[in-house]
Amino acid sequence: MSRTAAEIATQPACWRRAVEAAGVFGEGLPRPGERVAVTGCGTSWFMAIAYAALREAAGEGETDAFASSEFPPSRAYDRVVAITRSGTTTEVLDLLGVLRGRGVPTLALTADPKTPVMGAADAVAVLDWADEESVVQTRFATTALAFLRAGLGAVRGVKPVAEAAVDAEAALAEPLPPAVTGAEQWTFLGRGWTYGLALEAGLKMREAAGAWTEAYPAMEYRHGPISITGPGRVTWVFGDVPEGLAGDVARVGGTLHAHATADPMADLVRAQRLAVAVAEAKGCDPDRPRNLTRSVILSS
């Protein structure tokens with residue numbers, strides 16, 4: 001078993017621990033009514049997108065998500081949340097420095113308490129039990145999202161994290177369909193908070209396996225992306241499948257993959273497993289992805 005696969009398998013336990021940690025963390029988490037921005041790079045940015053949509057769905061306040069390099073300097077926020085597994089990502093640290101100079105309260109989520117982010121943010125949640133040896137992020141990203149989810153009130157149609165962990169155990173145990181593992185192309189779709197998960201699924205496939213993947217909001221699929229669908233190609237939907245979409249995929253000969261009753265974060269676990277399976281089938285090493293490093297540290 002690859003190190004990446006081993007880390008993927010620990011996610012249900014990591015999420016349960018994240019719920020406990022959020023319950024005692026308190027200080028620094030966004031408060032209801034605050035105008036909040038969430039930021040990160042790569043995978044962390046996609047988790048920020050998911051959390052921002054969840055927080056708004058919970059009715060807790062306006063929430064935006066930005067890649068750290070694209071944070072709009074003219075916008076005012078009551079709090080900014082930064083997600084950085086390594087605690088060393090240049091764009092995140094630079095942004096936190098700018099925000100501190102403006103007096104904006106900041107919260108950072110990280111896996112490593114011995115990195116510069118500890119002094120760059122006003123409050124830091126250290127999720128070190130979810131740290132990874134792998135370059136490709138899996139369990140830290142979902143654990144960070146689980147931590148933030150646990151700090152929210154109830155969201156209609158979204159399960160508590162504890163139930164998501166049960167669904168993730170099933171996602172780890174169930175075999176992946178041959179039509180999905182043997183495909184030549186995958187398009188990931190989501191709506192609301194699951195759009196961030198779709199983006200992340202596509203990134204995992206590209207990182208680990210060098211695969212041809214795309215990701216879109218689910219209702220945008222018929223506005224162009226469906227043109228890529230056909231025999232040997234998969235349309236993977238996180239959460240509920242929009243009305244009529246299954247028929248549209250079948251009409252052009254594609255394969256629809258969806259687990260509408262499972263928590264979408266658990267379905268992301270399936271996509272992570274798919275990335276490893278496809279990588280190994282192609283002779284790639286998911287633990288050593290091409291052209292990637294654990295953290296992007298730019299020269300001054």
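Are F66 and F71 buried or exposed? Both F66 and F71 are buried, where buried denotes under 20% relative accessible area, exposed over 50%, and partly exposed the range in between, with a 1.4 Å probe and protein chains only.

Before I continue, a word on the basis of these values. This is a predicted model, in which local features need pLDDT of at least 70 and side-chain atom pairs count only at pLDDT 80 or more, while totals for chains, interfaces and linings use all residues. Residues are numbered from 1 along each chain as its sequence is written, and side-chain values use heavy atoms, with hydrogens and water left out.

I stay with the aromatic residues. Rings of Phe, Tyr and Trp (its six-membered ring) pair if their centres lie within 6.5 Å; planes under 30 degrees apart count as stacked, over 60 as edge-to-face, and the rest as tilted. By this rule there are 8 aromatic pairs. One of them is edge-to-face, because the ring centres of F66 and F71 are 5.4 Å apart and their planes stand at 65°. F66 and F71 form one aromatic cluster with Y77. Over the face of Y77 lies R35, at 4.7 Å from the ring centre; the criterion is NZ of Lys or CZ of Arg within 6 Å of the ring centre and within 35 degrees of the ring normal.

Helices (H or I, at least four residues) and strands (E, at least two) are DSSP runs, numbered from the N terminus.

Two strands pair if DSSP finds at least two bridges between them. Strand β1 (residues 36-40) pairs with β3 in the parallel sense over 4 bridges, and V38 has V81 of β3 as its bridge partner. Strand β4 (residues 106-110) also pairs with β3 in the parallel sense, over 4 bridges; here I83 is bridged to L109 of β4. From β3 the chain crosses through helix α4 (residues 90-102) to β4, in a right-handed β-α-β crossover: with the strands pointing away from the viewer, the path from the first strand over the helix to the second runs clockwise.

Finally, E207 is found in helix α9 (residues 194-209). E207 counts as buried because its relative accessibility is 17%. Beyond its neighbours within four places in sequence, E207 is in contact (heavy atoms within 4.5 Å) with V136, P289 and L292.
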